Amino acid sequence: MPATTRSLPLWTAIGGLIAGTLDIVYAITYWGLTQHVPAQRILHSVASGLIGREAALAGGAATASLGLFLHYFIALVMAAVYAVAARKLDWMRRHPWLASTVYGLWLFVAMNFIVVPLSRAGAKGLPPDVLWIALSVAVHIAFVAWPIAWAVNRALSSQGSRHGR
């Protein structure tokens with residue numbers, strides 16, 4: 001394999017890890033600055049989706065660690081879904097900014113109206129904080145979907161040149 005060949009799974013994971021990091025830093029920073037919520041509590045809220053609010057809050061550092069693990073797991077799944085779609089849909093490779101912006105919007109909708117309501121977190125609908133909502137839409141696009149698309153496209157453009165496309 002030539003030195004310029006990039007592994008799609010590796011670059012998908014890199015994109016997911018970047019997205020997960022930017023997203024959790026945003027959440028911790030926003031809630032810490034606006035409501036003085038400690039970082040551990042943010043991670044508990046992620047864990048609550050799997051184990052429920054009471055158990056997450058009672059678990060201390062262990063459930064905060066679970067929340068961090070789950071957060072990165074979700075980000076990696078988001079990246080993998082984008083990578084599979086981008087491999088199959090040529091327009092996503094030709095228009096990565098548009099594709100990833102649409103994907104980021106979809107992620108915001110899916111997380112807030114499907115994943116969280118179906119989880120054990122107990123949250124239904126969006127919080128009444130308009131600034132949080134607006135910033136969350138922007139974050140799902142710029143901090144989550146764009147880094148994922150950047151990483152996936154690095155791998156796919158390398159594979160495309162390798163295969164003579």
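**Notes on an all-helix model**

1. Starting with His71: this residue counts as buried, because its relative accessibility is 9% (buried means under 20% relative accessible area, exposed over 50%, partly exposed in between, using a 1.4 Å probe and protein chains only). His71 sits in helix H4. A polar atom of its side chain lies 2.8 Å from the backbone oxygen of Gly20.

2. Some ground rules before going on. This is a predicted model, in which local features need pLDDT of at least 70 and side-chain atom pairs count only at pLDDT 80 or more, while totals for chains, interfaces and linings use all residues. Residues are numbered from 1 along each chain as its sequence is written, and side-chain values use heavy atoms, with hydrogens and water left out.

3. The protein has seven helices and zero strands, where helices (H or I, at least four residues) and strands (E, at least two) are DSSP runs numbered from the N terminus. Read from the N terminus, the order is α-α-α-α-α-α-α. The C-alpha trace spans about 55 × 30 × 30 Å along its principal axes. Of the 165 residues, 38% count as buried.

4. Now the inside. Which residues touch the most other members of the largest nonpolar core? They are Met78, Tyr82, Ile148 and Val152, in a core of 21 residues. H1, helix H4 (60–88), H6 and helix H7 (130–162) each supply at least two residues of this core. H7 gives the largest share, eight residues. For the record, a nonpolar core here is a set of buried Ala, Val, Leu, Ile, Met, Phe, Trp, Tyr and Cys residues joined through side-chain atoms within 4.5 Å.

5. H1 deserves a look from end to end. It has 28 residues and reaches 40 Å from its first C-alpha to its last, close to the expected 40 Å (the expected span is 1.5 Å times one less than the number of residues). Leu8 lies in H1 and counts as buried, because its relative accessibility is 8%. Leu8 and Gln159 are 151 residues apart in sequence, yet 8.4 Å apart in space, C-alpha to C-alpha.

6. Is His36 buried or exposed? It counts as exposed, because its relative accessibility is 68%.

7. How many salt bridges are there? The count comes to two, taking a salt bridge as a side-chain nitrogen of Lys or Arg within 4 Å of a carboxyl oxygen of Asp or Glu. Asp90 pairs with Arg93 at 2.8 Å, N to O. Arg94 also bridges to Asp90, with the closest N and O atoms 2.3 Å apart. Together, Asp90, Arg93 and Arg94 are linked in a network.

8. Asp90 and Arg93 are separated by about one helical turn, because they are three residues apart in helix H5 (residues 90–94). Arg94 and Asp90 are four residues apart in H5, again about one turn of the helix. In general, an α-helix has 3.6 residues a turn, so residues three or four places apart point the same way. As for accessibility, Asp90 is partly exposed at 38%, Arg93 is partly exposed at 24%, and Arg94 is exposed at 51%.

9. Last, a nonpolar patch on the surface. Trp106, Val109, Phe113, Ile114, Val115 and Leu118 form it, with about 590 Å² of accessible area together. Areas come from the Shrake-Rupley method with a 1.4 Å probe, and for residues only the protein chains shown count as cover. Patches are made of residues with over 30% relative accessible area and no salt bridge, with like charges joined within 9 Å and nonpolar side chains (Val, Leu, Ile, Met, Phe, Trp, Tyr) within 5 Å. One of the members, Val115, lies in helix H6 (residues 96–118) and counts as partly exposed, because its relative accessibility is 37%.

Note on methods: Polar contact = N/O pair within 3.5 Å; in protein donor to acceptor, adjacent residues only side chain to side chain.
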